[in-house]
Amino acid sequence: MKKVIYEKYGDADVLKVTDFEINEPAEGEVLVKIMAAGINPVDYKIRSGALKFIYRAKLPRTPGGEISGIVEKTGSKQSAFKPGDKVYAMLPISVGGYSEFVNVKEDLLSLMPENISFNEAAVIPLAGLTALQALRDKGNINPGMKVLINGGSGGVGMFAIQIAKAFDTEVTAVCSGKNISFVKSFGADHVIDYEKDDFTKSENKYDIVLDAVAKSSFGKCKKILADKSAFITTIPSPPVMLRQIINPMVNKKVFGILTKPLSKDLDFLTELIAQGKLKAGIEEVYSLEEAAKAHKHIETGRVKGKLVIEMKH
Ligand SMILES: NC(=O)c1ccc[n+]([C@@H]2O[C@H](COP(=O)([O-])OP(=O)(O)OC[C@H]3O[C@@H](n4cnc5c(N)ncnc54)[C@H](OP(=O)(O)O)[C@@H]3O)[C@@H](O)[C@H]2O)c1
């Protein structure tokens with residue numbers, strides 16, 4: 001079987017395809033035949049060594065934090081899954097998805113929605129759970145709120161717009177001019193073109209500002225935050241984590257998000273997908289052999305929606 005590995009930190013060209021033997025799934029695990037693997041910025045950040053002071057990866061390592069596929073075998077006799085089930089999951093950081101097969105703990109797996117393809121399902125878990133856990137668990141999202149999403153055209157932003165709409169809120173998305181129609185297609189009520197207007201100078205007030213691309217800051221957004229509001233960033237830097245300590249004492253709260261691979265949250269997204277309230281935009285499909293090309297693409301920081309690796313079994 002084939003998987004992508006890297007044996008040292010470095011640029012995208014350290015990625016190579018190698019053969020490996022499939023391990024039998026242990027008790028509580030499921031062997032999944034991977035059909036597609038989503039690509040996320042964290043994949044290249046770990047590969048480059050940029051995160052090695054926070055997460056020291058064991059090398060050689062296979063990148064990839066989310067997959068869709070078909071259950072091949074279960075490790076437990078009594079399992080919630082059976083061979084042939086279509087599943088998807090966000091993987092723990094120590095398990096890589098750019099691979100033809102993987103053993104996954106069964107409590108991380110969810111049954112895939114029936115109305116989407118393997119490619120679409122593979123790109124939803126990591127960015128979708130980030131958007132859900134940010135808006136619901138940090139932002140305490142409620143109907144009628146005004147929500148601003150900075151970076152509406154990225155992976156996290158695209159799902160955040162739709163999840164915020166599913167919670168019946170009024171959504172403003174920030175993106176560049178070329179992505180306005182893309183962002184509107186996910187249901188944003190208002191769009192701010194960051195090349196023309198600075199959203200932090202707006203006269204409007206928002207109950208939640210989700211900086212999905214972590215290009216702004218609480219300091220810059222303070223003026224546009226309403227009373228009892230939340231500023232949430234996807235990069236939990238030390239100042240952000242420190243600022244969280246005083247949240248119980250202040251009106252405008254600050255949060256950094258660290259996404260958890262919870263299948264019950266993925267089941268929540270499955271429901272939204274089944275209801276037609278959540279979909280994925282995919283800019284480009286790559287093969288396993290093109291992993292380096294895909295990493296060079298995502299490293300531009302300009303991806304519209306998501307990138308995916310499709311397996312050719
Ligand atoms: N902490 C966690 O657990 C966690 C989880 C998931 C993601 N993240 C982080 O969240 C960030 C976003 O992830 P992602 O998957 O959404 O990234 P992404 O898909 O790579 O974001 C790319 C998008 O960002 C837009 N963009 C770039 N600069 C912008 C700016 N100044 N203002 C507004 N939009 C801008 C680009 O559009 P244009 O080309 O039009 O600018 C592009 O569509 C990454 O840093 C990622 O590592 C963290």
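Residue numbers start at 1 in each chain and follow the sequence as written. Because the model is predicted, local features are reported at pLDDT of at least 70 and side-chain atom pairs at pLDDT 80 or more, while totals for chains, interfaces and linings use all residues.

The chain is divided into domain 1 (2-124 + 280-310) and domain 2 (127-256); the bounds come from an automatic or database domain assignment. The C-alpha centres of domain 1 and domain 2 lie 27 Å apart. Contact between two residues is defined by C-beta atoms, placed from the backbone, that lie within 7 Å. In these terms, 8 residues of domain 1 are in contact with 9 residues of domain 2. The side of domain 1 that touches domain 2 consists of 3 nonpolar, 3 polar and 2 charged residues. Here Ala, Val, Leu, Ile, Met, Phe, Trp, Tyr, Cys and Pro count as nonpolar, Asp, Glu, Lys and Arg as charged, and the others, Gly among them, as polar.

The shell around the ligand contains 33 residues, of which Ser153, Gly154, Gly155, Ser176 and Thr234 come nearest; a residue is near a molecule or strand if its C-beta atom, placed from the backbone, lies within 6 Å of it. Two or more residues of the shell are given by each of helix 1 (41-48), helix 3 (125-138), helix 4 (155-166) and strand 9 (170-175). Helices (H or I, at least four residues) and strands (E, at least two) are DSSP runs, numbered from the N terminus. By residue class, the shell has 17 nonpolar, 13 polar and 3 charged members. The ligand lies between domain 1 and domain 2, because both give residues to the shell around it.

Burial was assigned from C-beta atoms placed from the backbone: a residue is buried if 20 or more other C-beta atoms lie within 10 Å of its own, exposed if 12 or fewer, and partly exposed in between. In helix 1, the buried residues are Pro41, Asp43, Tyr44, Ile46 and Arg47. Strand 3 and helix 9 are among the elements that cover them. Tyr44 counts as buried because 20 other C-beta atoms lie within 10 Å. Residues up to four places away in sequence aside, Tyr44 touches His295, Ile298 and Glu299. Tyr44 and Ala294 are 250 residues apart in sequence, yet their C-alpha atoms are 9.9 Å apart in space. Just after helix 1, Gly49 has a positive phi of about 95°.

Helix 9 (residues 291-298) has Ala291, Ala294, His295 and Ile298 as buried residues. These residues cover an arc of only 100° around the axis, so they are on the same side of helix 9; the arc is that of the directions from the helix axis to the C-beta atoms. An α-helix has 3.6 residues a turn, so residues three or four places apart point the same way. The cover over the buried residues of helix 9 includes strand 1 (2-5), strand 3 (29-39), helix 1, strand 14 (282-286) and strand 15 (306-310).

Lys304 is in the loop between helix 9 and strand 15. Lys304 counts as partly exposed because it has 19 C-beta neighbours inside 10 Å. Beyond its neighbours within four places in sequence, Lys304 is in contact with Ser153, Asn179, Phe182, Gly281 and Glu283. Between Lys304 and Glu284, 20 residues apart in sequence, the C-alpha to C-alpha distance is 9.2 Å.

Two strands are taken to pair if DSSP finds at least two bridges between them. Strand 8 (residues 146-150) runs parallel to strand 11 and is joined to it by 4 bridges, with Val147 partnered by Ile208. Strand 11 (residues 206-211) and strand 12 (residues 225-233) are also parallel, with 5 bridges; Tyr206 is paired with Leu225 and Val209 with Phe231. A further 5 bridges join strand 12 to strand 13 (residues 252-256), again in parallel, and Ala230 has Lys253 as its partner. Strand 11 is largely enclosed by the rest of the structure, because 6 of its 6 residues are buried.

Most residues other than glycine have a negative phi, and most peptide bonds are trans. Asn140, not a glycine, has a positive phi of about 50° and is in the loop between helix 3 and strand 8. Ala214 has a positive phi near 50° and is in the loop between strand 11 and helix 6 (218-221). The peptide bond from Leu59 to Pro60 is cis, with omega near -5°; Pro60 is in the loop between helix 1 and strand 4 (66-74).
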